[in-house]
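The entries follow the order in which I consulted the structure.

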Amino acid sequence: MSINWFPGHMVKARREIEENIKLVDIVVMLLDARAPYSCRNPELEKLVARKKVVLVLNKMDLAEKNAMRRHMTALRTEGFMVAAMDSISGKGQREVMQVISESYQSFADTMLQKGRRVRPARVMVVGVPNIGKSTFLNSLVGKKMAATGAKPGVTRGKQWLRVREDIEFMDTPGLMWPKVGSEEQGYKLAMLDIVGEKAYSEYDVARFLVTWLKDNQPSVLLDKFKLKDDNLPPELIMENIARHRGYLVKGGAADIEKTCKLLLQDFRKGKLGPANLD
Ligand code: GDP
């Protein structure tokens with residue numbers, strides 16, 4: 001999915017989030033475990049600031065674990081509740097539920113003190129395109145995907161997915177527009193497939209990826225692509241990769257277009273090893 005974030009789209013996304021947020025106690029904000037800071041959007045954080053916010057670093061299976069733990073610690077010191085998850089395998093799910101429960105505890109205590117029955121926590125998922133919102137919800141809900149049914153007077157047609165006795169999720173996640181504050185952040189978001197191809201050329205993104213590998217994980221270039229010298233300009237590295245992989249056009253020239261496409265695909269699927277971009 002690639003979205004062009006015209007102002008109209010942003011206004012609509014913002015309005016939807018503003019409306020839906022009124023119906024929940026907790027907002028689960030999905031971030032990419034490989035680049036949690038680059039996925040943040042201060043404008044969105046302001047919109048949800050009055051709710052309890054749980055940050056879930058999704059796609060943890062693709063992230064470099066030590067860096068991810070450091071990011072989690074830093075985000076906790078900012079005051080967020082934080083957990084990590086692999087929505088494909090479901091790993092981390094128990095911790096996510098635990099953190100949601102904990103963040104609801106003060107509401108539950110207040111309700112009890114007032115002599116009220118404690119109702120299940122209502123949770124909404126928000127995140128930028130392709131961050132894994134649908135996969136995350138599916139993983140939590142699993143076979144229980146059948147909705148608990150709209151509650152008259154409260155939900156205005158919203159469906160609630162009861163994932164546990166005490167936790168239910170709004171079935172429609174909030175789509176958040178990516179915030180691109182710098183060229184570097186834009187490239188990172190493009191590498192993660194969060195901003196679409198229309199915004200950046202595949203060549204430029206692949207070039208950024210090669211430069212990033214050269215600076216941060218030269219072993220990938222040396223081992224996986226059998227590059228003899230990683231101290232080359234990115235254009236030449238791409239050419240070497242093309243030749244190593246046999247991506248050639250008629251006449252024997254390197255097929256750079258194909259090389260860029262496959263390099264990005266490999267990175268996004270984790271085939272170049274665990275990553276940390278932030
Ligand atoms: P949405 O646009 O936010 O709803 O994102 P999707 O749920 O459609 O996921 C986007 C892509 O990321 C899909 O190809 C998913 O299979 C993949 N994905 C989602 N969560 C994870 C995860 O935890 N790990 C990995 N490796 N891939 C994931």
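**Strand pairing**

I looked up the bridge partner of W160 and found M170, in β6. The model is a predicted one, and I read each entry with that in mind. I then traced the strands themselves: β5 covers residues 160-164 and β6 covers residues 167-170. Their pairing is antiparallel and runs over four bridges. I noted that two residues separate β5 from β6, and that the two strands form a hairpin.

**Ligand shell**

Next I asked which residues surround the ligand. I counted 15 in the list, the closest being D61, S87, K133, S134 and T135. I sorted the shell by class and recorded five nonpolar, six polar and four charged residues. I also checked which helix gives the most to this shell: it is α5, residues 133-141, with three residues.

**Polar contacts and burial**

For S87, I found a polar backbone atom 2.7 Å from an oxygen atom of the ligand. For N130, I again found a polar backbone atom, here 3.0 Å from an oxygen atom of the ligand. For N58, the entry concerns the side chain, of which a polar atom lies 3.2 Å from a nitrogen atom of the ligand. I then looked up the burial of the ligand: taken alone it exposes 580 Å², and the protein buries 73% of that area.

Notes
Residues numbered from 1 in each chain as written. Predicted model: local features only at pLDDT ≥ 70, side-chain atom pairs only at ≥ 80, totals over all residues. Heavy atoms only, no water. Pairing = 2+ DSSP bridges. Near = heavy atom within 4 Å. Polar contact = N/O pair within 3.5 Å; in protein donor to acceptor, adjacent residues only side chain to side chain. Areas by Shrake-Rupley, 256 points an atom, 1.4 Å probe, with all protein chains shown as cover. Nonpolar A, V, L, I, M, F, W, Y, C, P; charged D, E, K, R; others polar.
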